Amino acid sequence: MFNRPKRRLTRRLPLNLMLAVLVLLLPTKAALADPIAIWSFNDSDLIVDHGAGTMTSNFNPANVAFAAGTTNNARLGDPAGQALSLQSGSSNSNNGRNITVLTSTLGFENIIVSFATQGTGTGFNSNQFQYSLDGVTFVDFGSTFAPPVAFGAVPVVFDLGSIPGLNNNPNAAFRIVFSGATTATGNNRIDNFVVEGTSTTIPEPPTVALLGTGMTALVARVWRRKVRKPKVKPV
């Protein structure tokens, strides 16, 4: 007689527990950034290695080369391999020139651009990062930066989350303008150039869908047991 409330509480526990687990496992928007386009330069060219996008440069072709790279900022298991090497050239003719990246950010927000870099003492020591909302007009972002003498372990990161126009933009573009080189052989290296953002879509993995189906069946079963009249034992 006095155990009946405890039984009811016990019957509710599996139902409440399953509902709590189901809510926790429902798909949610990813909090971590997802890669949109990655250039590892391991193939010694400017072709994108993962994702979709284009990279171009107005440097003199003779001063665009590839040299030993790094794992700093490498993604998806890419090895150190090669890095893009940009030289100042005769009469420092490449001062003021750039590399430009075009990549759609459709389906992404909170865009981040990062890369590993290093430079020689007479290389480009005043470099400006820029972004564009239409792929034509570029705007300075942040102050100029000088590369370290070695790649190290920390990449250069530009968090563009404060630029809402870059979110979900099919014409997004990014640029680095190189200046400050003082000798023809002065150079900078760029490696593992990554454009990433937070996906604006909510994925629904098959495993979660199956879990939802199974949990629904279990909830229904527990509910039927709850409403079924208990058998009364003869005294």
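Which residues of the largest nonpolar core touch the most other members? Select Trp-39, Leu-160, Phe-174, Ile-176, Phe-193 and Val-195: of the 32 residues in that core, these are the ones. A nonpolar core here is a set of buried Ala, Val, Leu, Ile, Met, Phe, Trp, Tyr and Cys residues joined through side-chain atoms within 4.5 Å. Buried means under 20% relative accessible area, exposed over 50%, and partly exposed in between (1.4 Å probe, protein chains only).

**Before going further**

This is a predicted model, in which local features need pLDDT of at least 70, side-chain atom pairs count only at pLDDT 80 or more, and totals for chains, interfaces and linings use all residues. Residues are numbered from 1 along each chain as its sequence is written, and side-chain values use heavy atoms, with hydrogens and water left out.

**Overall view**

Colour by secondary structure. The protein has two helices and 12 strands. Helices (H or I, at least four residues) and strands (E, at least two) are DSSP runs, numbered from the N terminus. Read from the N terminus, the order is α-β-β-β-β-β-β-β-β-β-β-β-β-α. Of the 235 residues, 35% count as buried. Contact means heavy atoms within 4.5 Å. Among contacts with a separation of 6 or more, 78% are between residues 24 or more positions apart.

**The aromatic rings**

Next, show the rings of Phe, Tyr and Trp. Two rings pair if their centres lie within 6.5 Å, using the six-membered ring of Trp; planes under 30 degrees apart count as stacked, over 60 as edge-to-face and the rest as tilted. The whole structure holds 13 aromatic pairs.

Pick Phe-59 and Phe-124. Their ring centres are 5.6 Å apart and their planes stand at 80°, so the pair is edge-to-face. Phe-59 sits in the loop between β3 (54–57) and β4, and Phe-124 in the loop between β7 and β8; 65 residues separate them, and the pair links distant parts of the chain. Both Phe-59 and Phe-124 are buried.

Then select Trp-39, Phe-115, Phe-129, Tyr-131, Phe-141, Phe-145, Phe-158, Phe-174 and Phe-193. Ring pairs link these residues into a cluster. Trp-39, Phe-174 and Phe-193 were also in the opening selection.

Move to Phe-138. Arg-175 lies over its face, 3.8 Å from the ring centre. A charge sits over a ring if NZ of Lys or CZ of Arg is within 6 Å of the ring centre and within 35 degrees of the ring normal.

**The salt bridge**

How many salt bridges does the structure hold? One. The term means a side-chain nitrogen of Lys or Arg within 4 Å of a carboxyl oxygen of Asp or Glu. Select Glu-196 and Arg-75: their closest N and O atoms are 3.0 Å apart. Glu-196 belongs to strand β12 and Arg-75 to the loop between β4 (64–68) and β5, so the pair ties together parts 121 residues apart in sequence. Glu-196 is buried, at 9% relative accessible area. Arg-75 is partly exposed, at 22%.

**Loop stop: Asn-63**

Centre on Asn-63, in the loop between β3 and β4. Asn-63 is buried, at 10% relative accessibility. Neighbours within four places in sequence aside, Asn-63 contacts Ser-85, Leu-86, Gln-87, Gly-89 and Asn-94. Look at the Asn-94 side chain: a polar contact of 2.9 Å joins it to that of Asn-63. A polar contact is a pair of N or O atoms within 3.5 Å; within protein, one must be able to donate a hydrogen and the other to accept it, and residues adjacent in sequence count only if both atoms are side-chain atoms.

**Loop stop: Ser-40**

Go to the loop between β1 and β2 (50–51) for Ser-40. Is Ser-40 buried or exposed? At 2% relative accessibility, Ser-40 is buried. Beyond its neighbours within four places, Ser-40 is in contact with Asp-49, Asp-78, Gln-82, Asp-191 and Asn-192.

**Last stop: two positive phi values**

Most residues other than glycine have a negative phi. Asn-73 has phi near 70°, a positive value. Find Asn-73 in the loop between β4 and β5; it is buried, at 11% relative accessible area. Asn-92 also has a positive phi, near 55°. Asn-92 lies in the loop between β5 and β6 and is partly exposed, at 21% relative accessibility.
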